[in-house]
Every structure is written in C-alpha cells, then in structure tokens.
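Colleague: I am new to this structure and would like a close look at one part of it. Could you walk me through the salt bridges?

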Amino acid sequence: MIRKLLRKVFKRPATPARHEPALIPVERHGIRREQLSPAARKVCAVLQEKGFKAFVVGGAVRDLLIGQPPKDYDVATSATPEEVRAAFRRSRIIGRRFKIVHVMSGPETIEVSTFRASQDAESADTDEHGRVLRDNVFGNQQEDATRRDFTVNALYYDPGTETIVDYHHGVADIQQKTLRMIGDPRTRYREDPVRMLRAVRLAAKLGLAIDPAARQPIREMGPLLENVPAARLFDEMLKLLFSGHSLKCLQQLRGEGLHHGLLPLLDVILEQPMGERFVTLALENTDERVRQDKSVSPGFLFSTLLWHEVLKTWEQKKAAGEHSQPALFEAMDEVLDAQAGKLAITRRIAGDIKDIWALQPRFDKRTGKTPYRLIEQPRYRAGWDFLRLRAQAGEIPMEIVDWWDRFAHAGHDEREALIRQAPAEAAPAAKKRRRRKRKPAGAAGEVATDAPATFADDARDTPPPTP
C-alpha cells in the first residue's frame with residue numbers, strides 16, 4: 001500500500017502517444033443528423049456554440065451503423081459537469097464514482113459525460129483483484145476513447161459535420177462483425193469484470209463474434225465476478241434479459257462458463273426436461289415483446305426462470321408432510337434466498353415474483369366465490385400469463401387456462417354456468433377428532449362442564465345476569 005502511494009506521488013505523469021483518429025465522412029458511414037433524436041442534436045449544438053467539443057458517443061452510434069434504432073443517447077464533451085449544468089436550465093448533476101449530467105429536453109433525457117482519462121494499474125484506485133474503484137479523472141477525447149471497453153463503443157459522431165471520429169477502427173470491426181477489446185483483455189477484465197458479461201450480451205445482441213483474444217480469458221477469469229457488487233450484477237442481468245436476445249445470451253453465458261456468477265440455479269432448471277421447455281418459452285416470449293416494443297416485467301421473467309426450482313422444493317416439502325400453502329411459501333423464500341448472494345433482486349421485484357407464484361395453486365379452485373375473488377387480484381393478469389406458460393410447457397392441461405380466460409371475460413350468468421361445469425375439488429381428508437377426556441366432577445379448583453372452550457372464552461366477556 002505504501003509503495004503504491006509513493007508511486008502515485010513521485011511518478012512522472014505519462015504523456016500518451018498521439019494517435020490521430022480516422023475521420024469518416026457521411027458518404028462512407030451513411031448516418032444523417034436527422035436520424036438522431038432532436039434532444040441529442042440540441043445538446044451537441046448548444047455545447048459546440050459555447051466553444052466545447054461535443055459528440056454523440058457509444059451505443060447510439062454503434063446501433064445506427066448496424067441499422068438498429070438506438071434506445072437512448074449519450075453525449076461526450078470537453079465541458080466539465082458544472083459547465084454543462086450552467087448551459088442547460090433543465091439539467092442536474094448525478095453520480096459519485098464519476099459525475100455526469102442529465103439534460104432533460106421534452107420527454108427525453110440525454111446523459112452528458114466529460115471526457116475521462118485512462119489510468120494505469122499503478123495510478124488507479126483498485127481493489128486487491130485489480131478492479132477499478134474510482135474513475136474520476138478528466139481527460140481529452142483520445143484518452144476517453146482509449147478507456148472505453150470495446151472498439152464498437154468508442155465511436156464519436158458530430159451532428160454538425162455528420163462525421164464519425166474513430167480512434168480504434170470500430171467502424172471496420174462492425175463491418176467485419178467482430179467484437180474487439182480496446183487494450184489488453186486480461187487487464188480490462190480485471191479493471192471491471194462486468195465487461196465479460198457485456199461482451200456476451202453485445203455479441204448476442206449485435207450478431208458479432210467475440211475476438212479470440214477477448215474470448216479466451218473469459219472462462220478463466222469468470223471467478224472475478226464474485227467481487228462485483230450484487231446490485232451491478234443485477235443491473236447487467238436485466239440488460240441481458242431484456243436485450244431482445246435473452247435466450248441466445250443465456251446459451252452463450254453457459255458456453256463461456258459465466259452463468260454460475262448470475263443464476264446459480266440455471267443449470268439445475270435447464271437440466272429438467274419440463275423446466276428447459278418452460279424457460280425457453282418464457283425467454284422467447286420476452287424477446288418477442290422487446291422486439292415489438294411492448295412492456296416487460298423483471299418480476300415476471302425472474303419468476304419463470306426460478307419456478308421449477310420452487311416447484312421441486314415445494315413438492316419435497318409436501319412429501320415430507322407439510323401443508324401445501326405453508327410449504328409453498330417456505331419454498332419461495334428458500335429459492336429467493338439462494339439468489340440473494342449473487343443478484344440484488346429488489347424487494348419490490350421479489351414481491352412481484354412471490355405474488356405470481358402464490359397465485360398458481362389458487363387457479364385450481366374453480367368453485368364457490370373463489371374465482372370472483374381471484375380475478376380481482378392486482379396480479380391476476382400476470383398470474384394467468386404464467387399459468388398459460390405452464391400449460392404450453394405441458395405442466396398442466398390447457399383446459400384450465402381456457403376456463404379462466406372465458407371466466408374473466410364472461411358476464412355474470414355465463415360465469416355461474418362455468419362454475420357449475422367446473423370439476424369439483426377433491427375434498428381434503430377429514431381429520432379424526434380426538435375425544436376430550438372428561439374430568440371428574442369436584443376436582444380441586446375445577447368445575448365439571450360440557451361447554452366447549454370457545455364458549456368458556458366468550459363467557460368471560462359476557463356480563464353476569466342480574467340477580
């Protein structure tokens with residue numbers, strides 16, 4: 001530690017070798033300024049008018065090059081966060097590890113970051129495994145490009161001139177469908193192990209092949225994910241599952257040996273014939289909704305990924321003699337607790353997961369007033385969608401799903417007819433009542449009575465009769 005401090009104090013600051021970027025005109029890359037969001041164009045224009053450099057950077061440029069509409073826009077600039085904040089009335093500075101500015105323009109929020117400097121292992125603040133803990137040093141555009149992870153993410157687009165500034169041949173890598181790391185892959189993975197997950201996600205999403213130099217160390221360095229905060233892993237997992245290519249991502253995670261750091265129970269689930277079919281259907285359904293720009297729920301998807309482990313644990317507890325409902329809730333807690341060490345599933349999402357699971361046994365009850373109460377539940381629709389997935393996987397008959405669909409959309413008279421047609425529940429076996437031993441009359445301190453205990457308890461609150 002002392003040696004590292006002395007190096008920081010006495011080391012002469014290194015001057016990076018000047019590397020001229022490639023300036024790619026619009027005739028070669030084909031991205032017109034009109035394809036960008038109006039808010040992103042405005043942010044760049046305002047900062048450039050004030051004398052700063054400003055570019056749309058990263059994923060938005062990459063997605064436009066491969067023909068996908070960007071989900072959001074980031075801007076990189078030579079202005080400091082305070083200078084950006086002063087330039088826009090509707091803006092705010094956020095972040096601890098590195099300050100960035102959110103600029104609000106209509107319904108859009110543009111994330112603006114100042115150029116950052118790259119740091120070597122000796123000058124950076126790292127943990128014992130080499131993971132960078134703080135990254136708060138401003139730099140120039142070349143340094144900012146060098147510290148980014150992949151070449152396809154180190155592209156800067158100037159809306160004013162419609163030119164792409166490319167320091168690391170990212171445009172060529174996109175054309176060659178290659179995902180290549182900037183710098184030494186082993187060093188970059190030590191700096192931030194989440195980059196291994198990001199490599200898998202981007203390769204699957206963009207249809208790129210991971211460069212062999214970047215792919216080879218992943219299996220060996222996978223254990224570094226153990227040192228990443230659970231909250232960061234959870235955020236990266238959500239990006240992966242809602243990428244529109246979740247099934248391909250999870251398959252590639254298994255191929256690279258990284259799934260143990262995300263979903264330790266995934267192998268167990270996929271090894272079950274019915275479980276594999278169920279998870280595959282759930283992921284395909286999620287991917288289709290993402291591609292159609294429909295809403296998706298983290299709670300619903302995680303409930304599908306972990307359901308068969310809950311089902312197995314629940315059946316084991318019932319076989320051991322536990323009552324069905326308490327056994328289900330115990331199984332739910334055990335499975336979620338097993339994930340808590342790896343994924344920081346929020347309490348709200350965990351609540352959504354439990355609600356969906358807890359509704360499943362209630363769909364078996366189709367008599368009396370139970371169906372009316374069930375369709376009024378806030379999570380009924382999510383529970384029914386989950387029920388349909390179970391039927392599609394062959395876990396339950398599709399007739400149950402169709403019955404509930406008809407019941408939910410029927411009028412009162414048709415609902416009553418459906419209830420009459422529904423098969424009756426199997427009555428639980430009646431418990432044999434133990435005869436209560438009669439105490440002998442006149443026993444010391446006791447009064448002989450045939451009244452039940454509940455009556456005796458009620459009698460305490462009854463005023464005595466008037467004499």
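Predicted model: local features only at pLDDT ≥ 70, side-chain atom pairs only at ≥ 80, totals over all residues.

Modeller: Gladly! Helices here are DSSP runs of H or I with at least four residues, numbered from the N terminus. Arginine 381 and aspartate 385 form a salt bridge, with their closest N and O atoms 3.5 Å apart. Because its relative accessible area is 47%, arginine 381 counts as partly exposed. Salt bridges with shared partners also join Arg348, Asp352, Asp355 and Arg379 into one network.

Next, look at lysine 317 and glutamate 334, whose closest N and O atoms are 2.8 Å apart in another salt bridge. This pair links distant parts of the chain: lysine 317 sits in helix H16 (residues 298-319) and glutamate 334 in helix H17 (residues 324-340), 17 residues apart. Lysine 317 is buried, because its relative accessibility is 13%, under the 20% cut-off. Glutamate 334, at 42%, is partly exposed.

Aspartate 144 has 0% relative accessibility, so it counts as buried. Arginine 148 is buried too, with a relative accessible area of 15%.

As for why such pairs form, side chains of opposite charge can pair when their charged atoms come close. Counted by the rule used here, the model has 25 salt bridges.

Notes:
Residues numbered from 1 in each chain as written. Heavy atoms only, no water. Salt bridge = Lys/Arg side-chain N within 4 Å of Asp/Glu carboxyl O. Buried < 20%, exposed > 50% of the residue type's maximum accessible area, 1.4 Å probe, protein only. Helix = DSSP H or I, 4+ residues; strand = E, 2+ residues; numbered from the N terminus.
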